[in-house]
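Please read it alongside the sequence and the coordinates.

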Amino acid sequence: MRVLVSGGAGYIGSHTVVRLVAAGHDVVVVDNFGNAKPAVIDRLEALTETNIPVHAFDLTDKDKTEHLFASEQIDAVIHFAGLKAVGESVQIPLDYYQNNLESTFSLLRAMRRHGCSSLVFSSSATVYGDNAPVPYQEDYEPLSAASPYGRTKVMIEHVLRDVAHIDPVWRIAVLRYFNPVGAHPSGTIGEDPQGIPNNLMPFIAQVAVGKRDRLQVFGADYPTTDGTCERDYIHVEDLAAGHVAALNRIAMSNSPIRTWNLGTGTGTSVLEVIHAFERASGRTIPYDVVARRAGDLPAYWADPARANEELGWRATHTIDDMCADTWRWQSENPHGYEDAAPPDE
Ligand code: UFG
């Protein structure tokens, strides 16, 4: 299949590109490079030993999106592109609603006009809101989210349901990610956050490599085993494999839309992540316990049974694997893609 990967230069998108090529697909990338570096593409071409066509524009541009579909024969789309920082979304909500929704509308219209009906959409565990029983199961309703970022995911899930309902030719996979971490085992692609990392694993990695002094642990008084929050960390390589499995599944499916959790089914605490990273890196991670971060839930993880059964997919990497691969990426590219040597030097 010729697969368009929107946000293909981003963290999860880039790892998925590698998996798609390995599975025999042709890949076309569209990315506005707002939160990704062009150097990612060189790394991807080296890793996959293929030439990857790249369209550098924002999908909110309807004319360019239309032109892309007119010029490339696209069979399926994996839609990662979007703004994704929870805290930032509270500060600039209109940008989040406009960017994430309009890019999806533009994509859906162009797909429909050009007879392309297979879509894999990046959703998030955040759509389960504050009250869903743990482990989270796909049928839980109503969807809700505590941030504008999360609400764009809820809204797009509803848009996709409505579109699939009235036009059952669609084949849509909605994938709800838990906490993606880790990097490609080659150490050549990984997560490259701009500025101060919002998320736990990249922050720990930057402390380990000496870029930041100390980690702040947001709360140790939660009703959990060690008092710190528990999350379902999933290796980005497992996540990428889940996208390829979902693409195969919808190609054979009779139903226009289906939702799958992509998680391991296990909760890991903040302190457990810190200790796993210390083992993987051989470095001490100094930390201070500080106040809780607003909006954090104490503990949640996925019920991955539906994805295990229907996609024939299962997360296989442990938290130690996730830390080892994050450390390889971080230690070999201390400043991310910015000033690292090209892979063949
Ligand atoms: N944490 C710290 N210190 C830090 C950063 C995080 O202690 O410097 C803690 C948080 O309090 C939380 C855990 O580490 O308990 C994980 O936090 P992350 O920010 O890494 O991840 P979240 O679970 O908060 O966020 C994830 C995704 C979001 C998604 C959200 C809700 O990154 O995209 O889950 O599902 F919206």
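T104 counts as buried because its relative accessibility is 2%, where buried means under 20% relative accessible area, exposed means over 50% and partly exposed lies in between, computed with a 1.4 Å probe on protein chains only. This is a predicted model, in which local features need pLDDT of at least 70 and side-chain atom pairs count only at pLDDT 80 or more, while totals for chains, interfaces and linings use all residues. Residues are numbered from 1 along each chain as its sequence is written, and side-chain values use heavy atoms, with hydrogens and water left out.

T104 is found in helix α5 (residues 93–113); helices (H or I, at least four residues) and strands (E, at least two) are DSSP runs numbered from the N terminus. The side chain of T104 makes a polar contact of 3.1 Å with the side chain of H79, the term denoting a pair of N or O atoms within 3.5 Å of which, within protein, one must be able to donate a hydrogen and the other to accept it, and residues adjacent in sequence count only if both atoms are side-chain atoms. With residues up to four places away in sequence not counted, T104 touches H79 and I156, contact meaning heavy atoms within 4.5 Å.

Leaving aside neighbours within four places in sequence, V17 is in contact with V5, G8, V27, V29, L44 and I52. V54, with residues up to four places away likewise not counted, touches V29, F33 and I41.

Two packed helices are described by the angle between their axes and the distance between the axes. Helix α7 (residues 200–208) packs against helix α9 (residues 270–281) at an angle of about 40 degrees, with the axes 11 Å apart; axes are lines fitted to C-alpha atoms, for helices over the stretch in contact, and angles run from 0 to 180 degrees between N-to-C directions. That angle makes α7 oblique to α9, since angles under 35 degrees count as roughly parallel, over 145 as roughly antiparallel, 65 to 115 as roughly perpendicular and the rest as oblique. On the α7 side the contact is made by L200, M201, I204, A205 and A208, and on the α9 side by V270, V273, I274, F277 and S281.
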